Amino acid sequence: MNSICVFLGSSTGNHPAYMDAAGALGRELAVRGLTCVYGGSCTGLMNRLAESALAAGGKVVGVTVQALKDKEEFHRGLTELHVLPTMHERKNLMVQLADGFVALPGGIGTFEEFFEVYTLQQMGFHSKPCGLLNVNGFFKPLELMLETAEREGFLKNPHQKAIIRARNPGELIDLMVQKGVSS
Ligand code: AMP
């Protein structure tokens, strides 16, 4: 595994634990020599992730769309910045560039991105691991929703096996690397 794509809030969230987790994940990726792929923004948790990875000597690749770049919502100090015409093309490139995907707390952008790569994995379009960093129990309601869908017969594979989850970045990356090697 050489790179991990991270989906996370463009806002900071209300609790300092969210920014701390984004920073810790950025550092952990850098220390392990893993390239951090993300949406390229200079705001919220996204910014903290990129800043921490860069400060620890890591490579950070941003993948954004022209419309967001035009609004100046991009980080100027990244190792690489890809600018795509549409959100669709942007997501495709993120899937190609990364060997695994992680979501941290965030809003609808984060949910949409995570569920798209998880769906693509379940449909067999890629076999890259997908993980959740459950800071402050943020993803508990999502777990409940998935449990409900599974109990009611709407999930083809048990989500407990399909999605990696951890409470700290080191544990999450260890599990991602293990799963990436075995898949
Ligand atoms: P949200 O969780 O709604 O704050 O959206 C965050 C996710 O949507 C990130 O993982 C990004 O990939 C994408 N996103 C949201 N805002 C931006 C932005 N200004 N620049 C690039 N990507 C963004």
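Trainee: Is the crossing in which α4 passes α5 left-handed or right-handed?

Mentor: A crossing is left-handed if the near helix is turned anticlockwise from the far one by less than a right angle, and right-handed if clockwise. Here, α4 passes α5 in the right-handed way. Touching residues (heavy atoms within 4.5 Å) include Arg90, Lys91 and Val95 on the α4 side, with Glu112, Glu113, Glu116, Val117 and Leu120 answering from α5. One caution before we go on: this is a predicted model, where local features need pLDDT of at least 70, side-chain atom pairs count only at pLDDT 80 or more, and totals for chains, interfaces and linings use all residues. Residues are numbered from 1 along each chain as its sequence is written, and side-chain values use heavy atoms, with hydrogens and water left out.

Trainee: What are the angle and the axis distance for α4 and α5?

Mentor: Two packed helices are described by the angle between their axes and the distance between the axes. Axes are lines fitted to C-alpha atoms, for helices over the stretch in contact, and angles run from 0 to 180 degrees between N-to-C directions. For α4 and helix α5 (residues 108-122), the angle is about 60° and the axes lie 12 Å apart.

Trainee: Which residues of α1 and α8 meet?

Mentor: Ala21, Ala24, Leu25, Glu28 and Leu29 of α1 meet Pro169, Gly170 and Ile173 of α8. Helix α8 covers residues 169-182, and α1 and α8 pack at about 50° with axes 9 Å apart. That makes α1 and α8 another oblique case, and their crossing is right-handed.

Trainee: At roughly what angle do α1 and α2 cross?

Mentor: Helix α1 (residues 16-31) and α2 cross at roughly 35°, and their axes come within 7 Å. This crossing is right-handed too. Among the contact residues are Tyr18, Leu25 and Ala30 from α1, plus Leu45, Arg48 and Leu49 from α2.

Trainee: Now the strands. In what order do they form the sheet?

Mentor: Strands of a sheet pair through backbone hydrogen bonds, either parallel or antiparallel. Helices (H or I, at least four residues) and strands (E, at least two) are DSSP runs, numbered from the N terminus, and two strands pair if DSSP finds at least two bridges between them. Here 7 strands make an open sheet with parallel pairing, in the order β4-β3-β2-β1-β5-β6-β7. The edges are β4 (80-84) and β7 (163-166); each has a single partner strand, so one side of each lacks a neighbour in the sheet. Neighbouring strands are turned by 25° against each other on average, direction ignored.

Trainee: How many bridges join β3 to β4?

Mentor: There are 5 bridges between β3 (residues 60-65) and β4. Val61 has Glu80 as its bridge partner in β4. Helix α2 (residues 44-55) packs on the sheet, touching β1 (3-7), β2 (35-38) and β3, with its direction at about 160° to that of β2. Helix α4 (residues 87-97) packs on the sheet as well, touching β1, β2, β3, β4 and β5 (101-103). Back on the strand, Thr64 has Val83 as its partner in β4, while 3 bridges link β2 to β3, where Val37 partners Val61.

Trainee: Are the residues of β3 buried or exposed?

Mentor: Buried means under 20% relative accessible area, exposed over 50%, and partly exposed in between (1.4 Å probe, protein chains only). In β3, 6 of the 6 residues are buried, so the strand is largely enclosed by the rest of the structure. Both of its faces are covered: Val60, Gly62 and Thr64 on one side, Val61, Val63 and Val65 on the other. Strand β1 has 5 of its 5 residues buried, so that strand is largely enclosed too. From β1, Ser3, Cys5 and Phe7 point one way, and Ile4 and Val6 the other.

Trainee: Which residues stand opposite Cys5?

Mentor: Val37 in β2 and Phe101 in β5. Strand β1 pairs with β2 over 3 bridges, and 3 bridges join β1 to β5.

Notes
Parallel < 35°, antiparallel > 145°, perpendicular 65-115°, else oblique.
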